[in-house]
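Hi there,

Here is the structure I promised to pass on to you. Please open it next to this email and follow along.

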Amino acid sequence: MEQLLDGFATALTPTHLLFAAIGVLLGTAIGVLPGIGPAMAVALLLPVTYGMEPTGAFIMFAGIYYGGMFGGSTTSILLNTPGESAAVVTAFEGNPMARKGRGAQALAAAAIGHFTGGIIGTILIVLLAPFVAKHAVDIGAPDLFAIMVLAFIAVTSVLGASRVRGVASLLIGLTIGLVGLDEMTGQQRLTFGSLHLADGIDVIVVAVALFAVGEALWVAAHLRRKPFVPIPVGRPWLSKADLKRTWKPWLRGPAIGFPFGAIPAGGAEIPTFLSYVTEKRLSKHKDEFGKGAIEGVAGPESTASASAAGTLVTMLTLGLPTTAVAAVMLAAFQTYGIQPGPLLFQREAGLVWALIASLFIGLTLLLVLNLPLAPLWAKLLRIPRPYLYAGILFFASVGAYAVNADIFDLLLMFVIGVLGFAMRRYGLPVLPAIIGVILGPAAEQQMRRSLQLSDGSLTGLVNSPMAIVVYVIVLLIVFFPLIRKFLPKPTPPAAPAVEREKVDA
Amino acid sequence: MTATKAWLRERSELGICALLVVLGVLVLTDAVRIPTDFAQRGPVGPKAVPILVGSLLLVVAVMLARDVLRGGRGEAESGEDVDLSEPADWRTVLLLCGAFLANAALIGVVGFPISGAILFWGAAYALGSRAYVRDPLIAAGLSILTFAVFNNLLGVPLPGGPLMEVF
């Protein structure tokens, strides 16, 4: 508690407050732009913080993260085209509301839902993260390796239409992660004698290439000649009747979102859908669902925001990214030489608590700034598409070049960007690749460390109860398609299938 | 001949399988040449994981090929500005790649303010913008502003090139 107050003291200095405000505004502005989800927003805005000290940079990131998520839901409501997976469900009810002239109410329900879900989620971070970190300190290399294997399996199996394509994407990521010097022996792998490659491929370059360059090329190949026309809105507000319908969904959201965000199951996509189904079942206005029921906006938005908070718990305490945004943020930590994980709360206590405090501040700023600014954000949806995608390539180049001031990185980004294009064309999800790049080297180290302790015996990988439990879960996921065949009655799909996974770009 | 072409066009995803095979072979041949007789710490050396990843790449390539030959197709990603009903517009993609590579080629020679402007204008042109006065003005403005903000305000150095040396 005292540490949290210290965190507030750090975060509330005028400079940091300014960083938080800039982060929220930039994050929302970039997130609102069609085609840019929170992961791409964070990746594109990374270079802005290269010159900053870490605390200020992460305070800004917190703002960008929540701002980007909020921006995504605005696109969903006003254009009916979710820019990211967390906002897919919002479009179900949000867009019909906007078409009926209730866009202002939909935006208000989304904004307040974000605020509520985010605040409750962040309170849960405060309560849970130190506890998890304290216990995670004791878990050893075999357990960490098991958890990373679980993350690999979950990210390729739980989401996406095709498992083999998910695995292919993961392996591409693992291959990119292999490039460079072996961390334990210093031997060159896949460097082909190039000094540039000996340092390894910068994760930021990979992230920007896959999310921004790949996306821009892919959209260019199929650019919609007549972009959707956004629905104009006024200032968001809620009537008493609306409030009566929305406060319960707002409060229920975190209960679904937070736990799902914390486990490696692909972030907000599943929980927002569950929240939607729950609200539909509990609503007194079932007939309105599909035609613009406000509960269907309030619940999922609160859920999405809380799941973002859950993601942060896993990312900060275990160093395990469960969503694309968390993966990019982890990469950002690493560029500062900070390794998220169990020891983070001891080694970087000041930074972590300032970051958590700034989550509260960022959420409040988001609510205060975005309700009045909503009509302005809606105007951003009209940006001419040539400028939008030219701008994405422009800032991607700035970001990749600024990492090392090296033209080689631009060429590398181009090659990986073309790869990202091909992956989008043939339905290979991008998220497993980025998780592979980030977690691959860490997983290899944990595995080799475990085997070193056991003198090469494979039992060294399964010598703790926790590792065994995790491997059982892994096996259950792997063999689930087989198990399902033997289940007595397959549960019928309860509701329209969620739109195919769209990794938030 | 045309029948073969049509057959391949329908199954162009086999290209991904070929890519996976190439990657797998690359990873495996590279792993084999890593000398392990010295400096090895622990029972598992630097070879093990590349050999695992390389072999899995080959296995997945075969599995994916089997899926494609049985009629499986990867679903192209949709998006707000993506219209999948039209065939791919390769001219736009190639022009865009050209604009991107032009920046990479020129940034060291003429500096970021100029090469960035060329990138933005070129990309906007590739994507169908034809405002011959407004586009270059926006490109130049954005490029110079970005340079000033990053270089002078944020402390992230970008190459100024001859243009900035004049000031």
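Below are some notes on how the model was read and what was found in it.

This is a predicted model, in which local features need pLDDT of at least 70 and side-chain atom pairs count only at pLDDT 80 or more, while totals for chains, interfaces and linings use all residues. Residues are numbered from 1 along each chain as its sequence is written, chains are lettered from A and ligands numbered from 1 in the order in which they are written, and side-chain values use heavy atoms, with hydrogens and water left out.

Let's start with confidence. pLDDT is the predictor's confidence in each residue, from 0 to 100. Chain A averages 82, with 93% of the residues at 70 or above. Residues 490-505 of chain A fall below 50, although this stretch has 42 contacts in the model beyond near neighbours in sequence (contact means heavy atoms within 4.5 Å). Where pLDDT is low, the predicted coordinates should not be read in detail. Chain B has a mean of 85, and 92% of its residues reach 70 or more. For the complex, the predictor gives an ipTM of 0.91 and a pTM of 0.85.

Next, the interface. Chain B brings 80 residues to the contact and chain A brings 78. Together they bury about 6800 Å², 70% of it on carbon and sulfur atoms (buried area is the accessible area, with a 1.4 Å probe, that two parts lose on being put together, summed over both).

Which residues form a salt bridge with A:Arg165? One is B:Glu13, with the closest N and O atoms 2.7 Å apart, and another is B:Asp67, at 3.0 Å. A salt bridge here is a side-chain nitrogen of Lys or Arg within 4 Å of a carboxyl oxygen of Asp or Glu.

H4 (residues 90-110) and H5 (residues 112-126) of chain B pack at about 175 degrees, with their axes 8 Å apart. H4(B) and H5(B) are therefore roughly antiparallel (over 145 degrees, on a scale from 0 to 180 between N-to-C directions, with axes fitted to C-alpha atoms over the stretch in contact).

Enjoy exploring!

Note on methods: Helices (H or I, at least four residues) and strands (E, at least two) are DSSP runs, numbered from the N terminus. Angles under 35 degrees count as roughly parallel, over 145 as roughly antiparallel, 65 to 115 as roughly perpendicular and the rest as oblique.
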